[in-house]
Amino acid sequence: MTYVSGGAGTEAVDRLRSMEKDFNLKLVFAMNNGEYVADVRVTVVDAANKVVLDTTSEGPWLLARLPAGTYQVNAAYGRSQEHRSVALAAASLKTVDFRWPNRVT
């Protein structure tokens with residue numbers, strides 16, 4: 001399983017954007033007011049309930065390449081957790097947004 005995270009700053013966003021074609025999952029982390037966040041704890045679990053990714057995002061974007069299938073994506077920022085189910089195809093990029101209240105404690 002291959003992944004990369006980052007996106008803090010224009011150059012980093014441009015670099016990640018140029019890499020999107022190599023991945024099939026894009027996670028975007030932000031506050032409800034649109035302000036991007038980093039240091040988001042991410043776990044991705046496959047249909048067999050096996051953790052296939054467990055990391056902390058270095059920026060507001062995380063790109064991953066996973067086998068086609070259905071996954072549960074869990075993202076924790078501060079004490080707040082969000083969960084999304086996502087179905088991935090092998091050759092197309094799926095973008096999943098995570099938004100947190102402007103005040104996370």
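**View 1. The hairpin of E6 and E7 in this predicted model.** Two residues lie between the strands of the hairpin formed by E6 and E7. Here glycine 78 takes a positive phi near 60 degrees. Strand E6 covers residues 69–77, and nine bridges join it to E7. The two strands run antiparallel.

**View 2. An open sheet of four strands.** The strand order is E4-E3-E6-E7, with antiparallel pairing. Strand E4 (51–56) and strand E7 (80–88) stand at the edges. Each has a single partner strand, so one side of each is left without a neighbour in the sheet. From one strand to the next, the twist averages 15 degrees. Strands of a sheet pair through backbone hydrogen bonds, either parallel or antiparallel.

**View 3. Aromatic pairs around phenylalanine 29.** The structure holds four aromatic pairs. In one of them, the rings of phenylalanine 29 and phenylalanine 98 have their centres 5.8 Å apart. Their planes meet at 35 degrees, so the pair is tilted. Phenylalanine 29 belongs to strand E2 (residues 25–31), and phenylalanine 98 to strand E8 (residues 94–100). The pair therefore ties together parts that are 69 residues apart in sequence. Phenylalanine 29 has 0% relative accessibility and counts as buried. Phenylalanine 98 is also buried, with a relative accessible area of 0%.

Phenylalanine 29 pairs with tryptophan 100 too, at 6.2 Å between ring centres. The planes of these rings stand at 40 degrees, so this pair is tilted as well. Tryptophan 100 lies in strand E8 and phenylalanine 29 in strand E2, so the pair ties together parts that are 71 residues apart in sequence. Both phenylalanine 29 and tryptophan 100 are buried. Ring pairs link Phe29, Tyr77, Phe98 and Trp100 into a cluster.

**View 4. The surroundings of phenylalanine 98.** This view leaves aside neighbours within four places in sequence. Phenylalanine 98 is then in contact with Leu27, Val28, Phe29 and Ala30, among others. Its contacts also include Val73 and Ala75. Glu82, His83 and Arg84 are in contact with phenylalanine 98 too.

**View 5. The largest nonpolar core.** This core has 20 residues. Those with the most contacts inside it are Leu25, Leu27, Phe29, Phe98 and Trp100. E2, strand E3 (41–46), strand E5 (61–65), E6, E7 and E8 each supply at least two residues. E2 gives the most, with four residues. A second, separate core has seven residues, including Val4, Val13, Leu16 and Val28. In soluble globular proteins, nonpolar side chains tend to be buried together.

**View 6. Two charges over aromatic rings.** Lysine 26 lies over the face of tryptophan 61. The distance to the ring centre is 3.8 Å. Arginine 65 lies over the face of phenylalanine 23, at 5.6 Å from the ring centre.

Methods
Residues numbered from 1 in each chain as written. Predicted model: local features only at pLDDT ≥ 70, side-chain atom pairs only at ≥ 80, totals over all residues. Heavy atoms only, no water. Phe/Tyr/Trp six-rings, centres within 6.5 Å; stacked < 30°, edge-to-face > 60°. Buried < 20%, exposed > 50% of the residue type's maximum accessible area, 1.4 Å probe, protein only. Lys NZ or Arg CZ within 6 Å of the ring centre and 35° of its normal. Pairing = 2+ DSSP bridges. Axes fitted to C-alpha atoms, helices over the stretch in contact; angles between N-to-C directions. Core = buried A, V, L, I, M, F, W, Y, C linked by side-chain atoms within 4.5 Å. Contact = heavy atoms within 4.5 Å.
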